[in-house]
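Below are my notes on the model, point by point. Please read them with the structure open.

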Amino acid sequence: MSSMPPTTYASTRSDFETTRFILPDLISDCHYPLRLNPDCHPVSRTSEQWLLDGAHLAEHRVTKFMGLHAGELTAACYPDADAFHLRVCSDFLNWLFNMDDWLDEFDADGTWGMRECCISAFRDPINSQTEKLAGKMCKSYFSRFMQTGGPGCTERFIHAMDLFFIAAAKQAEDRATGHIPDLESYITARRDTSACKPCFALIEYAALIDLPDKVMSHPVIMDMEEATNDLVTWSNDIFSYNVEQSRHDTHNIVVVLMREQGLNLQGAIDYVDRMCKGSIQRFEDNRDILPSWGEQLDKQVAIYIEGLQNWMVGSLHWSFDTTRYFGKNGHTIKQDRIIELLPKRPL
């Protein structure tokens, strides 16, 4: 992000007196059509029950989980998937959000242990043995994934999940030491802790395609994936900032920018807004120089790129539908974009 010069913001009140901030209008900047899979409701409800049956959540976590609506996110991101493939994607996302919450409470050693369990389940979902509930759930959804997932798509998913766990372990180390990384290091790590990469592999899976390495390793495709990851991730950091600051969580680009650039809270939020706009432009600039691989492959590439678009627009709208970031006030906040800061929990 060195091309973006630091910006100084005048503040009429000191940061510790700040009680609110204004969300940027990210949805207006993202012009891709929002579509919902017609199987959304039945698949979402079945997948939620699958998670509850497998995760054995404590009662307070059940209430929180029922407001997640990960099935609705899945339906917006994979709108053309049939019910079977949508269910696998929905199970994965329900599992992933809960895994993200579990890992927030793990130290680095615990995260490495979870990585070993889950990667073993992905490598051999039929024969691998585990007593961990998370591992058993991996075996459940990934054994179904492997019924139709192509070899390239499968390997990309597993590799991406490995990167997720490795980055999560580093995040756990930073959490234990109170370390806040510099912006460049944070952006690199966040592209893995976001778990967008395995979700992008599911675009291929849901569409029953398996793109060859010559396509997936092409710089233009990789840049479009990275731009999508950044938009989804940075917007999520804005949406989740309030909840995270209340629990003293510093793994957020807003915190990194306030520290590194000397910005106040609104200044950092507005800076991330410009970064998000730049990501959408970067995506479109790369679309303009997309090479051709022949008629058949070009059709599959077009499906994949549409899937990336679906992730951008779908995640933005879902962020106001879930209770994860704004409680039950998401639809009001979507309109007025005013966030009242939550009080910090006692340490």
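1. His-248 is partly exposed, at 33% relative accessibility; the classes used here are buried for under 20% relative accessible area, exposed for over 50% and partly exposed in between, with a 1.4 Å probe and protein chains only. His-248 lies in the loop between α12 (219-246) and α13 (253-261). Helices here are DSSP runs of H or I with at least four residues, strands are runs of E with at least two, and both are numbered from the N terminus. Phi of His-248 is near 65 degrees, a positive value in a residue other than glycine. Most residues other than glycine have a negative phi.

2. This is a predicted model, in which local features need pLDDT of at least 70 and side-chain atom pairs count only at pLDDT 80 or more, while totals for chains, interfaces and linings use all residues. Residues are numbered from 1 along each chain as its sequence is written, and side-chain values use heavy atoms, with hydrogens and water left out.

3. The average pLDDT of the chain is 94, and 95% of the residues score at least 70; pLDDT is the predictor's confidence in each residue, from 0 to 100. Over residues 1-16 pLDDT stays under 50. For that segment the model has 25 contacts beyond four places in sequence, a contact being heavy atoms within 4.5 Å.

4. A positive phi also occurs at His-56, a residue other than glycine, with a value near 50 degrees. His-56 is found in the loop between α2 (40-55) and α3 (59-66). Its relative accessible area is 58%, so His-56 is exposed.

5. Which residues touch the most other members of the largest nonpolar core? They are Tyr-78, Trp-95, Phe-122 and Phe-157, in a core of 105 residues. Such a core is a set of buried Ala, Val, Leu, Ile, Met, Phe, Trp, Tyr and Cys residues joined through side-chain atoms within 4.5 Å. Not counting residues up to four places away in sequence, Phe-157 touches Phe-92, Phe-122, Tyr-141, Phe-142, Phe-145, Pro-198, Ala-201 and Leu-202. Phe-157 also belongs to one aromatic cluster with Trp-50, Phe-92, Trp-95, Phe-122, Tyr-141, Phe-142, Phe-145 and Tyr-205.

6. The structure holds 23 aromatic pairs. Rings of Phe, Tyr and Trp (its six-membered ring) pair if their centres lie within 6.5 Å; planes under 30 degrees apart count as stacked, over 60 as edge-to-face and the rest as tilted. Phe-239 and Phe-326 form an edge-to-face pair, at 6.0 Å centre to centre and 80 degrees between the planes. Phe-239 lies in helix α12 and Phe-326 in helix α16 (residues 323-326), so this pair ties together parts that are 87 residues apart in sequence. Trp-318 and Tyr-325 are also edge-to-face, because their ring centres are 5.9 Å apart and their planes stand at 90 degrees. Phe-239 is buried at 1% relative accessibility, Phe-326 is buried at 7%, and Trp-318 and Tyr-325 are both buried.

7. Helix α4 (residues 70-77) is largely enclosed by the rest of the structure, because seven of its eight residues are buried. The buried residues are Ala-70, Gly-71, Leu-73, Thr-74, Ala-75, Ala-76 and Cys-77. They pack against α2, α5 (83-103) and α15 (295-321).

8. The second largest pocket holds about 440 Å³ of space. Of its 17 lining residues, Arg-156, Lys-197, Met-216, Met-222 and Glu-225 are the closest to its centre. At least two lining residues each come from α8 (151-177), α10 (196-207), α11 (213-216) and α12. On a 1 Å grid over the protein atoms alone, a pocket is an open set of points where a 1.4 Å probe fits, with protein on both sides within 12 Å along at least five of seven lines; lining residues have an atom within 4 Å of a point. Grid points are joined across faces, edges and corners, and the volume is the space filled by probe spheres set on the points.

9. Ser-246, in helix α12, is buried with a relative accessible area of 5%. Leaving aside neighbours within four places in sequence, Ser-246 is in contact with Leu-342, Pro-343, Lys-344 and Arg-345.
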